[in-house]
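User: I'm new to reading protein models. Could you walk me through one, feature by feature?

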Amino acid sequence: MPVSGGPRPYTMRDMTRTRALIREVFKQEHEPTLFQSLHVSWPEGMLVYQEGLELVGFLLPIRLEANQARILLMGIDLANRGKGYGSSMMEMFICSCKAYNIEKLFLEVRVNNHVGIAFYTRYGFSTLSLINGYYKDGSDAYLMGRIVPK
Ligand SMILES: CC(C)(COP(=O)(O)OP(=O)(O)OC[C@H]1O[C@@H](n2cnc3c(N)ncnc32)[C@H](O)[C@@H]1OP(=O)(O)O)[C@@H](O)C(=O)NCCC(=O)NCCS
């Protein structure tokens with residue numbers, strides 16, 4: 001059987017593996033309740049990247065107002081970066097935004113995350129402001145945003 005790969009919608013069955021992946025990428029622990037509330041907020045916006053039987057990426061948004069959303073967590077596991085997987089997930093996500101009439105997107109990124117900033121800039125995000133002490137460890141974040149064309 002051929003091994004398939006690509007971005008696909010998240011389902012609640014992916015929670016354990018997605019939590020493990022987030023732990024690996026960000027060294028952060030997130031409670032199951034977070035995934036449950038994101039799933040209630042906007043299930044179709046949540047994506048994972050599957051490579052064969054493995055999950056190697058995630059893009060988890062939350063809907064803010066009817067026409068706005070925020071990317072809460074996005075990452076690709078270390079071994080699979082630079083292969084265009086993040087791009088495929090972002091492109092699928094932008095299509096989903098258009099389908100759900102999301103007009104504005106926001107996210108926070110660490111000011112020293114040059115790869116993350118380059119990635120988001122490539123996908124049309126620009127820096128809106130600096131948020132001092134945004135992270136638990138006291139690090140600063142940039143608030144980035146973009147318009148989603150209809
Ligand atoms: C940011 C991240 C999601 C990008 O995913 P990816 O699959 O590696 O990215 P892609 O291969 O699709 O690259 C797309 C574009 O991003 C930028 N980019 C990706 N890796 C880069 C690097 N190492 N240096 C500079 N720019 C880079 C480039 O513009 C690239 O386009 P190009 O290949 O035409 O130059 C991934 O690096 C990651 O998971 N990082 C750790 C977690 C993180 O920082 N998340 C985002 C901030 S919260």
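User: Let's start with helix 3. How many residues does helix 3 have, and how far does it reach from its first C-alpha to its last?

Analyst: Keep in mind that this is a predicted model. Helix 3 has 15 residues and reaches 21 Å from its first C-alpha to its last, close to the 21 Å expected at 1.5 Å a residue.

User: Which residues of helix 3 are buried?

Analyst: Here's the general idea to hold on to: an α-helix has 3.6 residues a turn, so residues three or four places apart point the same way. In this case, the buried ones are Y85, G86, M89, M90, F93, S96 and C97. They cover an arc of only 125° around the axis, which puts them on the same side of helix 3. Go to the other side of helix 3 and you'll find C95 and A99 exposed.

User: What happens to the backbone just after helix 3?

Analyst: Look at N101: just after helix 3, this residue takes a positive phi of about 55°.

User: Which residues touch the most other members of the largest nonpolar core?

Analyst: That core has 31 residues, and L47, F58, L59 and M89 touch the most other members. Helix 2, strand 2, strand 3, strand 4, helix 3, strand 5 and strand 7 each give two or more residues to this core. Zoom in on L59: leaving out residues up to four places away in sequence, L59 touches L47, I71, M74, M89 and F93.

User: Now G57 in strand 3. Is G57 buried or exposed?

Analyst: G57 has 24, so G57 counts as buried. Setting aside neighbours within four places in sequence, G57 is in contact with V48, Y49, G75, I76, D77, Y85, G86 and M89. Also, G57 and I22 are 35 residues apart along the chain, and their C-alpha atoms are separated by 8.8 Å.

User: Last one: how many residues surround the ligand, and which are the closest?

Analyst: There are 18, and the closest are G75, R81, G86, S87 and G116. A handy next step is to sort the shell by class: eight residues are nonpolar, seven polar and three charged. Then ask where they come from: strand 4, helix 3 and helix 4 each supply at least two residues, and the largest share, five residues, comes from helix 4.

Definitions and conventions
Residues numbered from 1 in each chain as written. Predicted model: local features only at pLDDT ≥ 70, side-chain atom pairs only at ≥ 80, totals over all residues. Near = placed C-beta within 6 Å. Helix = DSSP H or I, 4+ residues; strand = E, 2+ residues; numbered from the N terminus. Nonpolar A, V, L, I, M, F, W, Y, C, P; charged D, E, K, R; others polar. Expected span 1.5 Å × (residues − 1). Buried ≥ 20, exposed ≤ 12 C-beta atoms within 10 Å, placed from the backbone. Arc of directions from axis to C-beta. Core = buried A, V, L, I, M, F, W, Y, C linked by C-beta atoms within 7 Å. Contact = placed C-beta atoms within 7 Å.
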